[in-house]
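Here are my notes on this entry, as numbered points. Please read them with the model open.

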2 protein chains.
Amino acid sequence: MKFCNLCGGPVALQIPDDDNRERHVCQNCDAIHYVNPKIIVGCLPTIEDRILLCKRAIEPRYGKWTLPAGFMENGETSADGAARETWEEAAAKAKDLVLYRIFDVPHISQVYLFYRCGIENDAFGVGPESLESGLFSADEIPWHQLAFPVVREILQEYLRDREQGEYPIRNTVIEYPRR
Amino acid sequence: MKFCNLCGGPVALQIPDDDNRERHVCQNCDAIHYVNPKIIVGCLPTIEDRILLCKRAIEPRYGKWTLPAGFMENGETSADGAARETWEEAAAKAKDLVLYRIFDVPHISQVYLFYRCGIENDAFGVGPESLESGLFSADEIPWHQLAFPVVREILQEYLRDREQGEYPIRNTVIEYPRR
């Protein structure tokens with residue numbers, strides 16, 4: 001960030017009065033520009049014992065498999081956002097959404113909210129951000145072709161929970177390996 | 001938003017290619033400036049059967065009572081942020097944090113994550129954003145002097161859960177009354 005998006009003046013990193021962190025502060029109009037974590041909302045859609053996954057048509061992780069998920073938008077609820085992403089990526093209408101999994105990923109300043117859901121009329125397709133989509137039973141999941149650590153984590157946990165027949169809401173922190 | 005914070009050029013609301021929403025797009029460098037919901041993290045700290053509340057020394061809702069909570073910062077986990085806010089607002093070190101309550105507040109594009117917690121050494125004070133702080137038993141809570149709808153909601157629910165002796169994680173949508 002180099003310029004103030006309100007007045008166009010130059011910004012500098014400073015600790016404002018009554019604060020204890022550096023912020024981007026406009027040197028012209030004194031506006032403080034905060035940068036905060038982003039929320040990723042997504043679904044774990046199932047039809048009977050199979051899970052709907054999408055193959056990414058965009059970077060990062062082009063060609064890898066993922067659950068439908070993406071940045072939450074202003075003005076929507078997290079469930080609405082998760083359903084929207086499921087429609088955009090898998091052309092599937094999510095139904096019966098139940099919150100399932102919260103991940104903190106502080107390394108990239110993201111919080112994930114995942115919902116379990118069904119799919120209306122068991123109908124799905126391929127959205128513009130996907131190369132293909134498909135249903136996977138437990139022994140068909142492409143474990144070595146998954147796009148993100150959170151996807152592996154939630155799928156492993158879902159399969160364990162399914163054996164128990166209970167799906168408690170859980171939250172954990174994902175620490176990315178240092179490179 | 002009027003100016004690009006990367007190049008200082010003018011921005012205009014446009015629907016970018018491969019998108020379906022208006023975004024602030026720089027007319028000079030084509031950067032797209034997304035605006036996303038913010039996360040509020042907070043604690044519901046208790047000592048035995050009493051709840052720690054803080055009286056706000058800042059707007060909005062100056063002089064009203066609230067639970068320690070505030071905007072999550074980049075690079076921290078939601079639990080770390082909730083503990084940080086408890087320190088900043090009530091000079092209390094939160095311990096044994098357990099996720100308790102998720103609120104969607106789409107009207108103001110916020111998601112709240114509240115943790116139940118204890119307080120180290122039962123020690124608390126008054127942070128710079130508070131006028132005072134104190135412990136309240138169920139029949140002492142200042143219901144008509146609470147700062148925000150989510151505070152009323154979580155306190156009511158906590159007291160009900162306490163009677164049952166179970167504290168399941170729940171998520172709901174808070175619809176603000178239209179003005």
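1. The model is predicted: local features need pLDDT of at least 70, side-chain atom pairs count only at pLDDT 80 or more, and totals for chains, interfaces and linings use all residues. Residues are numbered from 1 along each chain as its sequence is written, while chains are lettered from A and ligands numbered from 1 in the order in which they are written.

2. Contact means that the C-beta atoms of two residues, placed from the backbone, lie within 7 Å.

3. The length of α2(A) checks out. The helix covers residues 149–164, and at 1.5 Å a residue its 16 residues should span 22 Å. Its end C-alpha atoms are 23 Å apart, which agrees. The expected span is 1.5 Å times one less than the number of residues. G165(A) follows α2(A) and has a positive phi, near 75°.

4. Now α1 of chain B, residues 78–90. Its 13 residues should span 18 Å at 1.5 Å a residue, and the end C-alpha atoms are 18 Å apart, which agrees. The buried residues of α1(B) include A79(B), A82(B), A83(B) and T86(B). E85(B) and E89(B) are also among the buried residues of this helix.

5. A91(B) has a positive phi of about 50° although it is not a glycine. A91(B) lies in the loop between α1 and β8 (94–105) of chain B. Is A91(B) buried or partly exposed? A91(B) is partly exposed, with 17 other C-beta atoms within 10 Å.

6. S109(B) is found in the loop between β8 and β9 (110–119) of chain B. S109(B) is partly exposed, with 17 other C-beta atoms within 10 Å.

7. Next, the cis peptides. In chain A, a cis peptide bond joins E59(A) and P60(A), with omega about -5°. P60(A) is in the loop between β5 and β6 of chain A. In chain B, a cis peptide bond joins E59(B) and P60(B), and omega is about -5°. P60(B) is in the loop between β5 (50–56) and β6 (65–66) of chain B.

8. On the overall fold, chain A has two helices and eleven strands. Their order along the sequence is β-β-β-β-β-β-β-α-β-β-β-α-β. The C-alpha atoms of chain A fill a box of roughly 60 × 30 × 30 Å along the principal axes. Of the 179 residues of chain A, 34% count as buried. Among contacts in chain A between residues at least 6 apart in sequence, 59% join residues at least 24 apart.

9. Domains: the assignment for chain A gives domain 1 (1–34) and domain 2 (38–173). These bounds come from an automatic or database domain assignment. The centres of the two domains of chain A, taken over C-alpha atoms, are separated by 37 Å.

10. How do the copies relate? Chain A can be laid on chain B with an RMSD of 0.0 Å by a turn of 180° and a shift of 0.0 Å along the axis. The two copies are thus related as by a two-fold rotation axis. The same surface serves both copies, as 100% of the contact residues of chain A recur in chain B. Superposition is by least squares on the C-alpha atoms of residues with pLDDT of at least 70 in both copies.

11. Last, the interface. The contact takes 32 residues from chain A and 32 residues from chain B. On the side of chain A that touches chain B, β4, β8 and β11 (170–173) each supply at least two residues. β8(A) gives the most to this side, with three residues. The residues of this side divide into 16 nonpolar, nine polar and seven charged. Here Ala, Val, Leu, Ile, Met, Phe, Trp, Tyr, Cys and Pro count as nonpolar, Asp, Glu, Lys and Arg as charged, and the others, Gly among them, as polar.

Notes: Helix = DSSP H or I, 4+ residues; strand = E, 2+ residues; numbered from the N terminus. Buried ≥ 20, exposed ≤ 12 C-beta atoms within 10 Å, placed from the backbone.
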